[in-house]
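Here is a friendly walk through a few features of this protein. Please have a look at the sequence and the model, then read on.

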Amino acid sequence: MGKEKTHINIVVIGHIDSGKSTTSGHLIYKCSAERERGITIDISLWKFEIIKYYVTIIDAPGHRDFIKNMITGTSQADCAVLIVVAGVGEFEAGISKNRQTQEHAPLAYTLGEEIVKEVSTYIKKIGYNPNTIAFVPISGWNGDNMLEPSANMPWFKGWKVTHKVGNASGTTLLEALDCFLPPTRPTDKPLCLPLQDVYKIGGIGTVPVGRVETGILKPGMVVTFAPVNITTEVKSVKMYHEALSEALPGDNVGFNVKNVSVKDVHHGNIAGDSKNDPPVEAAGFTAQVIILNHPGQISSGYAPVLDCHTAHIACKFAELKEKIDHHSGKKLEDGPKFLKSGDAAIVEMVPGKPMCVESFSDYPPLGRFAVHDMRQTVAVGVIKAVDKKAAGAGKVTKSAQKAQKAK
């Protein structure tokens with residue numbers, strides 16, 4: 001796939017056993033059988049092409065992990081498809097006592113109205129406008145209404161949404177996917193690329209892999225990895241096995257770097273432009289946190305694991321500076337002795353190992369985190385300010401030195 005179309009990452013979410021995998025799998029299967037309609041696919045990578053977009057379907061992990069990933073941004077999703085069960089015996093159970101086969105068509109209509117009503121009420125509470133969301137009845141198992149309108153749903157007259165760029169309408173799930181509004185891509189900011197993995201590929205060399213969060217990554221660029229403080233040249237950039245002249249925010253890419261071992265750079269490191277606000281190690285940072293679910297009290301010295309971008313590192317609550325009202329942000333108390341579930345506070349945090357973070361206002365993907373302890377998400381936070389360590393000389397590869405001299 002080239003770069004003619006915008007790339008969007010879609011995650012399929014819903015209750016366990018709601019049919020997420022079945023729906024995703026059927027969509028992938030149906031699209032692979034529809035190449036003549038201009039829809040292409042790489043099944044192994046769960047990627048396909050629709051009219052307006054290149055789509056990557058991201059597999060949502062377990063419920064707790066997914067909540068953590070949504071908060072930290074590591075889910076990488078631009079858009080979501082929420083699956084709501086509407087089968088006989090589930091949503092229907094509270095509406096009809098007599099589940100006769102002949103009643104299923106009018107029952108489906110009733111269920112459709114009920115689900116739209118209930119889900120709309122809920123998503124409005126959490127801040128979404130239901131009018132901007134397409135409600136599409138489908139069969140993940142049979143494929144009804146996924147690529148083509150289904151004759152089995154005569155009661156469904158189509159979906160309509162009202163976006164800031166205008167109205168849209170359609171019948172199928174595929175049409176609804178094409179109506180997603182992709183997020184703005186911050187290409188004007190300096191490069192920021194958290195590493196998900198680092199591979200050693202025979203005949204090529206070291207290939208870090210990650211998603212461009214801000215800025216642009218190009219072959220020939222000199223990048224700095226933090227907090228390891230290694231600077232080298234990018235030899236090539238690839239996405240979907242194709243070489244790119246540039247990678248933009250939202251692109252999941254692999255890029256080849258010379259004179260760097262797979263042991264030198266790691267999952268959780270950040271790649272940035274060596275000449276434009278390069279990333280550096282954080283000595284500590286000030287954050288606003290909300291305690292979601294902790295069975296006891298949190299005092300200074302508490303050192304749970306933080307999940308921030310792709311990093312997973314223990315950080316100490318070094319100082320509880322002030323307790324605040326989490327709605328207004330107003331200070332309630334200076335130097336609280338402890339925090340408990342429901343409290344919001346400003347705290348000073350110190351990483352237990354070298355870590356690279358940024359303030360939320362400068363680089364949002366690097367400025368939000370989840371606090372993980374006791375196999376659950378106990379708190380969430382945003383970073384207000386970072387105390388950055390002075391960047392030392394670090395390692396600069398010969399490839400980078402040549403590239404810098406050439407420029």
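## Cysteines

The sulfur of Cys315 is 8.3 Å from the closest cysteine sulfur, which belongs to Cys308, and that is too far for a bond. A disulfide is counted here when two cysteine sulfur atoms lie within 2.5 Å. The structure holds zero disulfides, and Cys308 is in none, with the sulfur of Cys315 as its nearest cysteine sulfur.

Cys315 counts as buried because its relative accessibility is 0%; Cys308, at 1%, counts as buried too. Buried means under 20% relative accessible area, exposed means over 50%, and partly exposed is in between (1.4 Å probe, protein chains only).

## About the model

This is a predicted model, in which local features need pLDDT of at least 70 and side-chain atom pairs count only at pLDDT 80 or more, while totals for chains, interfaces and linings use all residues. Residues are numbered from 1 along each chain as its sequence is written, and side-chain values use heavy atoms, leaving out hydrogens and water.

## Aromatic pairs

You will find four aromatic pairs in the structure. Rings of Phe, Tyr and Trp (its six-membered ring) pair if their centres lie within 6.5 Å; planes under 30 degrees apart are stacked, over 60 edge-to-face, and the rest tilted. One of the pairs is Phe225 with Phe255, stacked at 6.2 Å centre to centre with 10° between the planes. This pair links distant parts of the chain, 30 residues apart: Phe225 is in strand E10 (residues 222–226) and Phe255 in strand E13 (residues 252–257). Both Phe225 and Phe255 are buried.

Tyr302 and Phe317 form a tilted pair, 5.4 Å centre to centre and 55° between the planes. Tyr302 lies in the loop between E15 and strand E16 (305–308) and Phe317 in strand E17 (residues 311–324), so the pair ties together parts 15 residues apart in sequence. Tyr302 counts as buried at 16% relative accessibility, and Phe317 is buried at 0% relative accessible area.

## Strand E15

How many of the 10 residues of strand E15 are buried? Eight are, so this strand (residues 282–291) is largely enclosed by the rest of the structure. Strands here are DSSP runs of at least two residues, numbered from the N terminus, and two of them pair if DSSP finds at least two bridges between them.

E15 pairs with strand E21 (residues 376–388) in the antiparallel sense over nine bridges, and Ala282 has Lys388 as its bridge partner in E21. With strand E19 (residues 344–351), E15 pairs in the antiparallel sense over six bridges; there, Phe285 is partnered by Met349.

Technical notes. Helices (H or I, at least four residues) and strands (E, at least two) are DSSP runs, numbered from the N terminus.
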